[in-house]
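Okay, I've got one structure for you today and just a few minutes. Have a look at it while I get going.

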Amino acid sequence: MFLRFVRPQRVEDTGHREGFFCAAYELREKQDLDEFSSAQLEEYLAWFRENLPIPARFSRSRSQSASQQSTRGLSWFKPQAAEALGKAHGLMALLQSHGYVFETLRSDRIGYVVYEDDWQVVAEPFADTET
């Protein structure tokens, strides 16, 4: 079962809910963020930058035309990504302490896979995939 952590806000072009990294970078920009939370946030983000590969693709299309840019795959954690999932839960706990709300999506039917590594899969969702 793949896992995706989302918040209620939707991405303008796709209508899919934003993932938890959007909230993390939003919190990072807040001027009134306390030093302790800021340090924790930076620690989590640094861990993900160092350990979670940036997917090479987010779309089945090889074209980068404007019409194809709104067709984006969604990132899902693999169930065996225990270390990354632990860090994700820690980051979400920090975000929740600052008022962010998340839902965990679980699915075996995530869509057309366009990228995969040891910890994550990027897939363009099927029409009936919850996003």
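Predicted model: local features only at pLDDT ≥ 70, side-chain atom pairs only at ≥ 80, totals over all residues.

Residues are numbered from 1 along each chain as its sequence is written, and side-chain values use heavy atoms, with hydrogens and water left out.

So, what's in there? Four helices and six strands, where helices are DSSP runs of H or I with at least four residues, strands are E runs of at least two, and numbering starts at the N terminus. From that end the order goes β-β-α-α-α-β-α-β-β-β. The radius of gyration, over C-alpha atoms, is 15 Å, close to the 14 Å from the globule rule (2.2 Å times the number of residues to the power 0.38) for 131 residues, so the protein is as compact as a globular protein of that length.

Of those 131 residues, 42% count as buried, meaning under 20% relative accessible area with a 1.4 Å probe, protein chains only.

Now, helix α4, residues 82–96. Which of its residues are buried? Ala84, Leu85, Ala88, Gly90, Leu91, Met92, Leu94 and Leu95. Those pack against β1 (2–10), α1 (20–28), α2 (35–51) and β3 (74–77), with contact meaning heavy atoms within 4.5 Å.

Key. Buried < 20%, exposed > 50% of the residue type's maximum accessible area, 1.4 Å probe, protein only.
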